[in-house]
Amino acid sequence: MPLVSQPEVVEPVRYSEEWVHKTLSDWHARYPKLTRLVSIGRSHEGRPLWALAIGKNIRRRDSRPTILINGAHHGVETFSIDLALDAAEVLLLRSGEQPATTLRPDPTLDRKVRRWLKELVVWCVPVVNPDGVWTSLHGFQRSGRKNGRDNNDNGKPDRGDGVDLNRNYPFRWGFLADKGSSPLPDSAYFRGPAAGSEPETQAMMRLADSEHFAASLSFHTGNVTVLAPYTIDNVTSPSPNEAWLVAEELTAGLPRHPQGKDITVRRNIYPVDGTDQDYLRGQFGTLALLVEGARRDPTQADARRQVTLAMRPIWTRLFDRYLDGPSVFGVVRDGKGHAVSAEVRIVEQTLNEQERWLTRCRDGHYDRFLPGPGQYTVQVSVPGQAPLVRQITVGKERVRVDFTVEGVVSSGRCPSEPPG
Ligand SMILES: [Zn+2]
């Protein structure tokens, strides 16, 4: 009798595109009401960029504040994928729906998770650079740090190919000439042929344009530190710089990193330009931080878990800091109740780089972390009208301030719709 062999189930290699997709789609299947699985774009070599959006009864044009968590802008930093996925995993497994049997009870964290799921939408993009990760997993014909751009157009991957995606964002792209990034295609820090030239960068920019993230964490490895914008030397941060102050709150009193280093806030480690945190900050006012989560990528499961747990307070504290305040949020609408794309400014904060931070187009929503309790003036401006101002006194809380702009000023159409 012929033996019929069972097809062998092969688990995809950790960090491979199959593994990432399987991880996210398994969660989506298990938690359909809490998640949307969206391809936000494709890499140079055609690999999808997957995003999992998470929130209670999540909808396509969700009106809640959004927070971005991403990993692997640099394909060699594969452990940054675990750090980004940790937030998604905790939010889902501790949601109270389909609880995992292996989970140790943690009433405090469970309570927090239920609040975050209710109040926020968290966008998790674990791999921004799938071509680089592929290279890292399959040998080094080219730098796994960079994406898959075929710099010399010879139709195959070789040593000099690729763009450093975290030097490609358009805010002050190439500002420091050859000090912050490189104009040379062969360099590991090649900034690309133009600002925002890469499909991966563009996918992240479209997502940000659609969502206007209140906050963002970009996970990297190679060091242990939190970088607060602006990262670029000789570019002046808003004053007061609430992004720096919040970053210090997120790291205050944390135990030493398991790899033996205190977790501190810095502006940069060496000169850089074209980074995602500076772009998100400059373009939208997002409280965008870069988190270097490990000096070297841990390979053993135990070590991975230890480092993941050590870095977890950074995102849990960030979510709480936004919701607990001091912070302000609201919507701007016109006389007919339509969402308005308006500039929202905290008058007490000086902006030094001609930043114009607008409401989210689809619903007129805005979010601002405030540097501390106190009195603030929220000013809303639309072209051709006198600005509206509102004085607020904020303690340790999140204050809602809505505005109605007289007449009808909404164009009714948004340049970027939420993906999916
Ligand atoms: Zn990196």
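## Close-up views of a predicted model

**View 1. Helix 2 crosses helix 8.** The axes of helix 2 (residues 79-93) and helix 8 (residues 301-324) come within 10 Å and cross at roughly 55°. Axes here are lines fitted to C-alpha atoms, for helices over the stretch in contact, and angles run from 0 to 180 degrees between N-to-C directions. Helices (H or I, at least four residues) and strands (E, at least two) are DSSP runs, numbered from the N terminus. Helix 2 and helix 8 are therefore oblique to each other. Angles under 35 degrees count as roughly parallel, over 145 as roughly antiparallel, 65 to 115 as roughly perpendicular and the rest as oblique. The crossing of helix 2 with helix 8 is right-handed. A crossing is left-handed if the near helix is turned anticlockwise from the far one by less than a right angle, and right-handed if clockwise.

This is a predicted model: local features need pLDDT of at least 70, side-chain atom pairs count only at pLDDT 80 or more, and totals for chains, interfaces and linings use all residues. Residues are numbered from 1 along each chain as its sequence is written.

**View 2. The residues between helix 2 and helix 8.** Helix 2 brings F79, D82, L83, D86 and A87. Helix 8 meets them with R304, T308, M311, R312 and W315. Two residues are in contact if their C-beta atoms, placed from the backbone, lie within 7 Å. This contact has 5 nonpolar, 1 polar and 4 charged residues. Ala, Val, Leu, Ile, Met, Phe, Trp, Tyr, Cys and Pro count as nonpolar, Asp, Glu, Lys and Arg as charged, and the others, Gly among them, as polar.

**View 3. Helix 3 also crosses helix 8.** The axes of helix 3 (residues 107-119) and helix 8 come within 11 Å and cross at roughly 60°. Helix 3 and helix 8 are therefore oblique to each other. Their crossing is left-handed. K112, R115, W116 and E119 of helix 3 touch T316, F319, D320 and L323 of helix 8. The residues of this contact divide into 3 nonpolar, 1 polar and 4 charged.

**View 4. Helix 4 is mostly covered.** In helix 4 (residues 130-137), 7 of its 8 residues are buried. A residue is buried if 20 or more other C-beta atoms lie within 10 Å of its own, exposed if 12 or fewer, and partly exposed in between, with C-beta atoms placed from the backbone. The buried residues are P130, D131, G132, V133, W134, T135 and S136. They pack against helix 1 (17-30) and strand 2 (48-54). After helix 4 comes G139, with a positive phi near 95°.

**View 5. Helix 7 is largely enclosed.** In helix 7 (residues 276-284), 9 of the 9 residues are buried, so the rest of the structure largely encloses it. Its buried residues include D276, Y279, L280 and F284. The packing partners are helix 5 (199-211), strand 5 (215-220), strand 6 (223-227), helix 6 (242-251) and strand 8 (287-294). Just after helix 7, G285 has a positive phi of about 80°.

**View 6. E89 sits in helix 2.** E89 has 15 C-beta neighbours inside 10 Å, so it counts as partly exposed. T23 is 66 residues away from E89 along the chain, yet their C-alpha atoms are separated by 9.7 Å.
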